[in-house]
Amino acid sequence: MIYDVIIIGGGVTGCTIARTLSKYDLNIALLEKEADVASGTTKANSGVVHAGYAAEREYIKRDLCIKGNKMYTQAVEELNFPFQRIGSFVVALEDDQIKDLERQRKEGTQDGVLGLDLILDKEKIKYMEPNITDEVVGVLHAPSAGLVSPYEMTFALAENAAMNGVKFYRSQKVKRIKHQNYVFIIKTKDKEFRANNVINAAGLYAAKISKMVGMDYFDIMPRKGEYILFDRNSMHLNKILFPIPTKISKGILVCPTLHGNTFVGPNAQNITDKKDTSTTEAGLKEIIEGARKLVPNLPVRASIRNFAGLRAVPDSYDFIIDNTDVYGFINVAGILSPGLTSCFAIAEKVVGFLELLGLELKIKDDYNPIRPKPERFKDFSKEELDKKIQEDPTWGNIICRCETIPEKEILNAIHSPVGATNVDGVKFRCRPGMGRCQGGFCRPRVMEILSRELNIPYEKITKKGEYTRILSGKTKEILLNQEEVEEE
Amino acid sequence: MKSFSVDVIIIGAGSAGLAAAVEVKKANLDVLILERDKELGGITLQCIHNGFGLKEFEEELTGPEYVQRFINQVHELKIPFLLNTMVIEITKSKRIYAVNKEQGLIEINSKAIILAMGCRERTRGAINIPGFRPAGIFTAGQAQRFVNIEGYMPGNTYVILGSGDIGMIMARRLTWEGCKVKAVVEILPYVSGLLRNQVQCLEDYDIPLITNYTVTKIHGRDRIVGVTISKVDRNFDRIIGSEKFIECDTLLLSVGLIPENELTYQAGAELSNNGGPLVDNNLETTIEGIFACGNVLQVHDLVDMVTAEAKRAGKNAIDYIQNRHGRELKEPEYVKCAPGENVNYIKPDRINMQNLSEKIIFTLRARYPDRRILVQLKDQNNNVIYKKKKVYVIPSEMVEIELEPKDLPLDSLKTIEIEIIPRPEVLIEED
C-alpha cells in the first residue's frame with residue numbers, strides 16, 4: 001500500500017499535522033522512533049502558549065505564533081486537553097528595562113496580539129501576583145498567554161487523528177528513505193512504508209531525515225533546558241512569570257502547572273549529544289537562582305522532580321517549513337519555542353503545501369473533530385462517582401493514591417486509540433506516579449494492569465520502551481543460575 | 001450512596017490501625033477498619049526479616065508473624081473491616097467518604113476517628129539528584145515489595161543511597177538473592193538507621209558503607225548504568241575532585257520516611273514540623289475526636305513502639321467517646337511543647353490541661369549524635385523543670401520520656417521547651 005502522506009515524528013508538531021490532515025480523504029501514517037508519541041521535546045518543555053510579542057519581526061515564527069495562539073480556543077473545544085489562558089508577566093526589575101517592554105507592547109499590539117498591557121503600578125502588580133518579588137518595577141501583561149499540558153495535548157491530537165483513520169506506528173525509527181518513481185520508500189528496523197508525500201517533523205533529528213533524501217541545507221542542534229517541579233499546593237501562582245529575555249532564550253520562568261504544581265526553568269545550554277536529557281547540579285542551581293529573582297520565596301524544599309528537555313535549534317534560529325526541491329518532501333524542522341504555540345498554524349501551512357503539490361483535499365463525510373474529554377475521578381461529584389462505580393467497579397479501585405487515580409482511568413489510557421504500552425505512557429496520560437510519592441506505591445499495580453491488559457509478562461514491562469525494563473527477573477533466578485554453573 | 005454510622009473509624013490496617021482497633025473493640029464500641037490494600041497488615045507484611053516483637057511479646061518474630069497476631073485478634077473479636085477501600089475525604093464532623101469496587105461511594109459517620117495511615121518514602125525528586133531519569137531507580141521499600149511480596153528482582157548490581165533501616169535490610173536481602181550490593185552511600189558521617197542493622201546487615205556481609213558521600217549524578221539514558229558519588233563537606237556541599245564512578249544497574253533510595261498526612265491536612269487538622277499532625281498528650285489532633293498514632297504521627301524505630309502508641313490512641317478514643325463526645329465542654333487550655341537545642345521534633349506538640357492523661361509520654365529525636373548528655377524540660381521562664389541523664393543520643397533512636405502530671409509545675413506552666421545539651425559536669429571533668 002502506498003500512503004498519501006507519511007509523517008515522520010510523533011511530537012506535538014507531527015501529531016498536529018496528522019490530526020489536521022485527518023479531516024481529508026487521505027491515507028495517512030505517522031512513524032515515531034520512541035515507544036510513544038510525545039516522547040522528545042514535547043514531553044519536557046514549559047507548556048507555555050505564548051502571546052506572540054516576543055519573536056523578532058523578521059522571523060516567520062512570530063506570525064505563526066500569534067496566529068497559533070488564537071487557534072487554541074477552537075482546538076481546546078474540540079480536543080478537550082488541559083489549557084488555560086492565565087496570562088503572563090514579563091518582569092522588569094530595573095527602570096531602563098521598561099522602554100523595551102513598551103516597545104514590545106506597541107509592536108505586539110500592531111501585529112495582532114490582544115490585550116497587551118504595560119503595568120507600572122507596583123500595588124496592582126502585587127495584587128495580580130502576590131508572590132512576585134518586591135524588586136519589580138513593571139510588567140508586560142499578556143492575558144492571551146496560556147498554559148497547556150503539551151503531552152496531554154499531543155495524546156489528544158494523536159487519538160483524534162487515529163479516530164479519523166491515521167495509522168500510528170511507534171518504535172519505528174526511520175533508517176533509510178529511497179525516492180523512486182515519485183514514491184518514498186521508508187525503511188525502519190523491521191518494516192517498510194511507502195508514501196507519495198513525506199512530512200519531516202522529526203524534531204532533533206529533522207536534519208538527519210532531510211539528508212536521507214539529499215536535502216542537506218540546515219542543521220539542528222540540541223539546546224538543553226532543565227526544570228524543577230514542586231509539589232502541589234506548595235505555592236499558588238496566578239501568572240506565568242518571565243524575566244527580561246536574553247538573546248538565546250526567554251529566560252528562567254516561574255510558572256504554575258495545570259495540575260496545581262509550580263515549576264521553574266529552563267536554563268539554556270547548547271550541547272552536542274541529542275540524547276543528553278540529564279540534569280546537572282550546576283544547572284539546577286542556576287535555575288533556582290534565576291527563579292528566585294522573580295519569586296524570592298520559592299518552595300525549594302517541596303521539589304518532587306527535576307528533568308531536562310532538548311530544544312531543536314536550527315542554525316537559522318527560525319522555523320524551517322519548506323516544500324523542498326524533492327517533490328513531495330516537506331520539511332517542518334527547527335520548531336523551537338514558540339513551536340508549541342504555533343503548531344496549529346504550522347499545520348495549516350503544511351496543508352497549503354500539499355495542495356500546491358496537487359493532493360486532492362476533500363473533507364471526509366465522517367470526519368469527527370471531537371476527541372471526548374477523558375473522564376476523571378476527580379471531576380465527578382459524589383453522586384456521579386457512586387453511579388460510575390455501580391456501572392463499572394473499576395472506578396472504585398484506586399491505584400494511585402497521591403493523585404487519586406482509579407483503575408478505570410488507567411484502563412482508558414491503555415485502551416485509547418493511541419494507548420499507553422508502558423509505565424511512563426500510563427503516567428503521562430492519566431498521572432499515576434506524577435504525585436509526591438513518584439510511583440512508590442502505584443508502580444507495581446500499574447505494571448500488573450499493563451501486564452494483564454496487554455498480555456506482556458510482568459517482568460517484561462518497561463518504563464518507556466525497549467531497554468528500559470523495570471525488573472531484571474524473578475527471585476531465586478540468580479541463585480539457581482549460579483548453582484547450575486557450579487554443577488557444570 | 002451507602003451511608004451508615006459507627007463509633008470509631010480506624011483509617012489504615014497496618015500495625016498501628018490493628019492495635020488501635022483491638023483496643024477500642026475491647027471497650028465494646030463499634031469499630032470499623034478501612035484499608036486501601038487488598039489485605040490486613042500494612043507495610044509490616046513485606047518486612048520478612050526478624051527483630052520484631054522483642055518489647056511487645058518478648059519474642060523475636062518476623063514482620064508478618066508480628067502483625068498476624070493482631071490480624072488474628074481482629075478476627076477473634078469479629079472487628080469489621082473493609083479492604084481495597086480508599087478514604088477520599090474526612091470532614092471535621094468526623095464523617096468519612098470512601099470508595100471501593102463493591103459498594104461504590106460510602107459515607108460513614110463516626111464519633112471518633114483514629115488516623116493510622118503510616119508513612120511513605122522520600123523519593124529522588126525530594127533530594128534532587130541530577131542526571132538522567134532511566135529505569136532502575138527504586139525506593140528501598142518499593143524494591144522490598146517487589147522482592148518479598150511480588151517475587152521479582154529489581155536488578156543485579158546495586159548502589160544504595162542512604163543508610164536508613166530499609167536500605168540496610170535490603171542490602172542484606174539482595175545479597176542473599178545472589179545480587180551484588182556495591183555500596184551503601186550515606187551523606188552523614190554515620191548511618192541513619194539503627195546500629196543493629198549496620199552490624200547485622202552491612203558489616204556481617206562485607207557490604208561497604210561509604211559515609212560523607214552522596215550520589216551526585218545518575219548515568220544511563222534507558223536503564224541506569226552507574227552513579228557518580230562525591231564526598232561532601234560539613235554543609236553537605238559536594239567537594240569538587242572527590243567524584244567516583246560506581247557501575248550498577250539499580251539504585252535504591254533509602255533517604256527517609258515522611259508521615260502520610262494528605263487526608264489529615266485536607267480534613268483541616270494542623271500539621272507540625274515533623275510532617276505529622278499536631279497532637280496533644282492524648283494523641284488528639286487539632287480536630288476534636290480525631291486521634292493519630294503510628295508512623296502517620298511520627299516515624300518510629302520499631303513496630304513495638306507503634307503498637308504501644310496505637311493502644312494509647314485507642315484508649316484515648318474510648319475515653320473521648322465515654323466522657324467528652326457530644327458534651328458542651330469549655331475550650332481547653334494548652335501548654336505548648338517546643339523543640340529546643342538539638343531536638344528535631346517533639347510529640348506531643350501541646351498538653352491539654354483540662355484533660356491530663358495518667359502519664360505524659362514525650363517522644364523526640366535528636367538532630368545530631370551526642371554523648372553524655374542531659375535531656376531537659378524548661379518552662380516559659382527558662383527554669384529547668386525536669387532533667388534526665390543519657391549516655392548518648394543519635395537521630396535514629398527515638399528518645400522517650402515518661403512523666404506523671406504531678407512531676408510538672410502545672411499551675412504556673414505556660415510553655416515547655418525540650419533540649420538536649422552536653423552535661424555540665426562532663427565539661428568540668430574534661431577540663
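My entries follow.

**Ground rules.** I am working with a predicted model, in which local features need pLDDT of at least 70, side-chain atom pairs count only at pLDDT 80 or more, and totals for chains, interfaces and linings use all residues. Residues are numbered from 1 along each chain as its sequence is written, while chains are lettered from A and ligands numbered from 1 in the order in which they are written.

**Where A meets B.** I found 45 residues of chain A in contact with 45 residues of chain B (contact: C-beta atoms, placed from the backbone, within 7 Å). On the chain A side, the elements that each supply at least two residues include α7 (281-294), β18 (303-314) and α12 (443-454); helices are DSSP runs of H or I with at least four residues, strands runs of E with at least two, numbered from the N terminus. The biggest giver there is α9(A), with six residues.

I saw β23(A) joined by two bridges to β11 (residues 152-153) of chain B, running antiparallel (strands pair if DSSP finds at least two bridges between them). In this pair, A:K474 stands opposite B:Y152.

**Two helices in chain B.** How do α5(B) and α6(B) lie relative to each other? Their axes come within 8 Å and cross at roughly 15° (axes are lines fitted to C-alpha atoms over the stretch in contact, with angles from 0 to 180 degrees between N-to-C directions). The two helices are therefore roughly parallel, the term for angles under 35 degrees. Among the residues that meet, I noted B:M168 and B:I169 in α5(B), and B:C201 and B:L202 in α6(B).

Conventions:
Contact = placed C-beta atoms within 7 Å. Parallel < 35°, antiparallel > 145°, perpendicular 65-115°, else oblique.
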